[in-house]
Amino acid sequence: MGEEIKVIVFKLGSEEYGIEVDKVQTIERMLPITRVPKTYTFVRGVINLRGVVIPVIDLRGRFGLPEGEYTDQTRIIIVAVNDMEVGFIVDSANDVIDLHTDRIETPPEVVGGIKAKYLDGVAKIGDDRLLIMLNLSEVLNKNEIIQLESLEE
């Protein structure tokens, strides 16, 4: 018997994704981002959030999706990954849902153009809604985390 978890739902394009609430520190509107040279292309730079410097990643770029315009709905989701805070730029974040872990199925090899290694699974919500659950430890691999940690200093 599975347990129930709270999940923050966000969008990239027309797809909905989920991150467990306990991994999310805060959700912010777009903030000024300071570019940092010689980083991965999907690393947009760093933000200063209440005195803390946090690296920011564009999830569209990370997943190889076409870039989108930043709008009033664009958000930065600050998550904790391996004892480090990282901001993910998403098209919108507008829902918190209760999700039964029994509803999360193993992801197919590719979902919406995203490799399965980045995913924890796909959850069925209702009859016509799928939620792609992110595997945060894979969204950033070890080498990328080392590079991002150097940005925080």
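Ala-123 has Leu-131 as its bridge partner in strand β13. The model is a predicted one, in which local features need pLDDT of at least 70, side-chain atom pairs count only at pLDDT 80 or more, and totals for chains, interfaces and linings use all residues. Residues are numbered from 1 along each chain as its sequence is written, and side-chain values use heavy atoms, with hydrogens and water left out. The protein chain holds three helices and 13 strands; these are DSSP runs numbered from the N terminus, helices being H or I with at least four residues and strands E with at least two.

**The chain as a whole**

- Of the 153 residues of the protein chain, 47% count as buried, where buried means under 20% relative accessible area, exposed over 50%, and partly exposed in between (1.4 Å probe, protein chains only).
- Among contacts between residues at least 6 apart in sequence, 57% join residues at least 24 apart; a contact means heavy atoms within 4.5 Å.

**The six-stranded sheet**

- Six strands form an open sheet with mixed pairing, in the order β8-β1-β2-β13-β12-β9; two strands pair if DSSP finds at least two bridges between them.
- The edge strands β8 (92-100) and β9 (104-105) each pair on one side only.
- Strand β12 (residues 119-125) runs antiparallel to β13, and six bridges join them.
- One of the bridge partners across these strands is Arg-129 in β13, which faces Ile-125.
- A hairpin is formed by β12 and β13 with three residues between them, and Gly-126 in the turn has a positive phi of about 65°.
- Strand β2 (residues 15-20) runs parallel to strand β13 (residues 129-134), with two bridges joining them.
- Tyr-17 has Ile-132 as its bridge partner in β13.

**The five-stranded sheet**

- Five strands form an open sheet in the order β3-β6-β7-β5-β4, again with mixed pairing.
- Because β3 (24-29) and β4 (43-49) stand at the edges with a single partner strand each, one side of each is left without a neighbour in the sheet.
- Strand β3 pairs with β6 (residues 75-81) in the antiparallel sense over five bridges, and the partner of Val-24 in β6 is Val-79.

**Nonpolar cores**

- The largest nonpolar core has 27 residues, and those with the most contacts inside it are Phe-10, Ile-19, Leu-59, Phe-88 and Leu-134; such a core is a set of buried Ala, Val, Leu, Ile, Met, Phe, Trp, Tyr and Cys residues joined through side-chain atoms within 4.5 Å.
- At least two residues of this core come from each of β1 (4-12), β2, β6, β7 (84-90), β13 and α2 (136-139).
- Strand β7 gives the largest share, four residues.
- A second, separate core of nine residues includes Leu-99, Ala-123, Ile-125 and Met-133.
- Leu-134 touches residues including Phe-10, Tyr-17, Ile-19, Leu-59 and Phe-63, not counting residues up to four places away in sequence.

**Aromatic pairs**

- The structure holds two aromatic pairs; rings of Phe, Tyr and Trp (its six-membered ring) pair if their centres lie within 6.5 Å, and planes under 30 degrees apart count as stacked, over 60 as edge-to-face and the rest as tilted.
- Phe-10 and Tyr-17 form a stacked pair, 5.5 Å centre to centre with 15° between the planes.
- Phe-10 counts as buried because its relative accessibility is 0%, and Tyr-17 is buried with a relative accessible area of 0%.
- Ring pairs link Phe-10, Tyr-17 and Phe-63 into a cluster.
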